[in-house]
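The exercises below are meant to be worked through with the sequence and the model side by side. Each task is followed by a solution that goes step by step.

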Amino acid sequence: MRDDFLIFGSPQIHQTEIDDVVGVLESGWLGTGPKVTEFENRFAEYKRAEHAVAVNSCTAALHLGLLAGGIGPGDEVITTAMTFCATVNTIIHTGATPVLADIDPISLNIDPRAIEVAVTERTRAIMPVHFAGRPCDMDAICAIAERHGLIVIEDCAHAVETEYKNKPAGTIGDFGCFSFYVTKNVVTGEGGMVLTTDAERAARVRMLSLHGMSRDAWKRFGGEGFKHYEVVDAGYKYNMMDLQAVIGIQQLKRVEMNWLRRGEVWCQYDEYFRDLPLTLPAEVEPWARHARHLYTILVDETCAGISRNAFLEFLASRKIGAGVHYMSIPEHKFYQSRFGWRPEDYPNSMKAGRETVSLPLSAAVSDADVEDVVDAVKGAVESACSTLR
Ligand SMILES: *Cc1c(COP(=O)(O)O)cnc(C)c1O
């Protein structure tokens with residue numbers, strides 16, 4: 001057995017990141033400044049986007065996208081039942097009401113037919129999540145949005161490299177929101193980005209991200225002496241620091257290389273697991289560029305002979321870290337009591353959430369790690385077979 005625990009989603013940090021962080025520390029300017037601007041420009045260029053505003057998380061990005069989109073109390077926002085809690089919480093933070101739609105059981109993405117059914121006269125926005133890096137059916141989603149006059153905010157936390165019909169994810173709806181959290185494909189420690197095609201919306205996001213202070217308020221302590229500023233709204237403290245941005249700049253240079261590497265690992269998993277009684281990720285649609293952020297398998301106990309949780313424990317006993325993305329949103333007691341949601345009302349999300357396991361898939365995963373994961377997964381299924389016999 002391997003000596004060290006294979007930590008799920010551990011980031012790949014090179015010496016260049018370390019050197020640049022030290023450089024920022026030595027420069028004396030740690031906060032929002034020229035490095036953040038450079039990261040915004042490089043990210044916008046990579047995504048072929050018009051405007052990019054860096055913030056300190058995807059959660060902040062989603063919140064500001066909603067606010068700049070005019071969402072507030074009395075409004076309803078439709079999102080997927082199969083997502084991270086932050087997606088739903090940001091809707092709640094605006095004072096709007098989240099409305100869940102079930103997923104397609106194959107793609108695990110929000111089902112446009114379920115969105116259509118969930119639309120009411122109060123609906124103002126749709127927040128699709130490109131789950132695991134697989135693009136949602138954006139033509140269908142945008143058609144619904146257009147028909148009902150809704151804005152679309154793409155949760156692109158998994159979707160840095162994703163494209164839908166050659167359009168980069170995050171540039172199709174009104175806003176695209178990205179995460180640079182430690183387990184994501186591009187990391188800055190904590191960090192996020194908002195993309196939008198509209199200059200006024202971008203300016204509003206930027207203003208709200210720094211206390212609601214007027215333009216270029218971050219310069220108030222710069223080399224040109226103190227600058228007065230005006231507070232124009234009750235904003236938030238969501239700005240990114242130069243200290244974070246320099247990590248992102250280096251990470252972005254390797255984004256395509258790392259995507260190729262994860263593609264190799266993905267193919268190896270597909271190959272080795274083909275004959276096991278597990279459901280592997282669906283084939284990538286011909287119109288999709290999958291970011292390959294999460295390799296999610298489904299462990300159906302009646303088929304695999306082992307429960308999902310026992311499977312997770314078995315992997316841990318072999319020193320393999322795995323993830324669960326995610327228990328469906330209605331499984332959480334808080335949402336049940338606040339909104340009356342029940343898991344069984346979103347059956348595809350419930351089933352996937354109870355069976356899903358994310359296997360290690362990052363640029364930091366070596367060939368030897370892949371072998372260990374493969375052995376552990378096979379071992380888990382075989383241990384189940386032998387107890388059945
Ligand atoms: C990680 C994640 C978020 C939140 O990202 P942070 O940068 O940690 O705020 C939101 N939505 C989804 C789908 C995520 O995976």
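**Exercise 1: two domains**

The C-alpha centres of domain 1 and domain 2 lie 26 Å apart, with domain bounds that come from an automatic or database domain assignment. This is a predicted model, in which local features need pLDDT of at least 70 and side-chain atom pairs count only at pLDDT 80 or more, while totals for chains, interfaces and linings use all residues. Residues are numbered from 1 along each chain as its sequence is written, and side-chain values use heavy atoms, with hydrogens and water left out.

Solution: Begin with the bounds, which are 15–253 for domain 1 and 255–388 for domain 2.

**Exercise 2: the surroundings of N109**

Task: decide whether N109 is buried or exposed, and name the residues that N109 touches beyond four places away in sequence.

Solution: With a relative accessible area of 3%, N109 is buried, a word that stands for under 20%, whereas exposed is over 50% and partly exposed lies in between (1.4 Å probe, protein chains only). The residues touched by N109 are I103, D104, V129, H130, F131, R134, P135 and C136, when those up to four places away in sequence are not counted. For R134, the backbone oxygen lies 2.9 Å from a polar atom of the N109 side chain.

Conventions. A polar contact is a pair of N or O atoms within 3.5 Å; within protein, one must be able to donate a hydrogen and the other to accept it, and residues adjacent in sequence count only if both atoms are side-chain atoms. Contact means heavy atoms within 4.5 Å.
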